[in-house]
Amino acid sequence: MSAFFDFSSLITVLLLLICTTYYIRELRPTIFDHSPLASNDPNQPQQQQQQAPLKRDGINGFLWKLSRIGERLSPYVGAGCALMALHVLFLK
């Protein structure tokens, strides 16, 4: 059975994804940030040579959002991981 059909397995997979993406982002902070650079034409004014806004869409955007959840809500994510570990060890 797939992990997406069982609620406790789905929560476990989401918690593991949050923890993993946060850990990876701690090692390499710009791994989920994709910023296409504006053109580097020297004839353009300095204001137009700035970086374009970050693109956070697709799978990288989803992983970036998961890592932000892990960063901002780390005590709650840790408590959720501990509770799911107890659930898997003793109740399943």
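Analyst: What follows begins with the basis of the values, moves to the chain, and then turns to the helix contact and the cysteines. The model is predicted, so local features are reported at pLDDT of at least 70 and side-chain atom pairs only at pLDDT 80 or more, while totals for chains, interfaces and linings use all residues. Residues are numbered from 1 along each chain as its sequence is written, and side-chain values use heavy atoms, with hydrogens and water left out.

The chain has three helices and zero strands, where helices (H or I, at least four residues) and strands (E, at least two) are DSSP runs numbered from the N terminus, and its order along the sequence is α-α-α. Of its 92 residues, 17% count as buried, a term for under 20% relative accessible area, with exposed meaning over 50% and partly exposed lying in between (1.4 Å probe, protein chains only).

The part to examine is the meeting of helix H1 (residues 7-27) with helix H2 (residues 58-72), whose axes come within 8 Å and cross at roughly 90°; the axes are lines fitted to C-alpha atoms over the stretch in contact, and angles run from 0 to 180 degrees between N-to-C directions. H1 is therefore roughly perpendicular to H2, the label for angles of 65 to 115 degrees. On the H1 side the contact (heavy atoms within 4.5 Å) is made by Leu17, Ile18, Thr21, Tyr22 and Arg25, and on the H2 side by Leu63, Trp64, Leu66, Ser67, Arg68, Ile69, Gly70 and Glu71. These residues divide into seven nonpolar, three polar and three charged, with Ala, Val, Leu, Ile, Met, Phe, Trp, Tyr, Cys and Pro counted as nonpolar, Asp, Glu, Lys and Arg as charged, and the others, Gly among them, as polar.

Within H2, serine 67 counts as buried because its relative accessibility is 0%. Leaving aside neighbours within four places in sequence, serine 67 is in contact with Thr21, Tyr22, Arg25 and Phe32.

A search of the whole structure finds zero disulfides, a disulfide being a pair of cysteine sulfur atoms within 2.5 Å. Cysteine 19 is in none, and the nearest cysteine sulfur, that of cysteine 81, is 3.4 Å away. Cysteine 19 is partly exposed at 29% relative accessibility, and cysteine 81 is likewise partly exposed, with a relative accessible area of 26%.

How values were computed. Angles under 35 degrees count as roughly parallel, over 145 as roughly antiparallel, 65 to 115 as roughly perpendicular and the rest as oblique.
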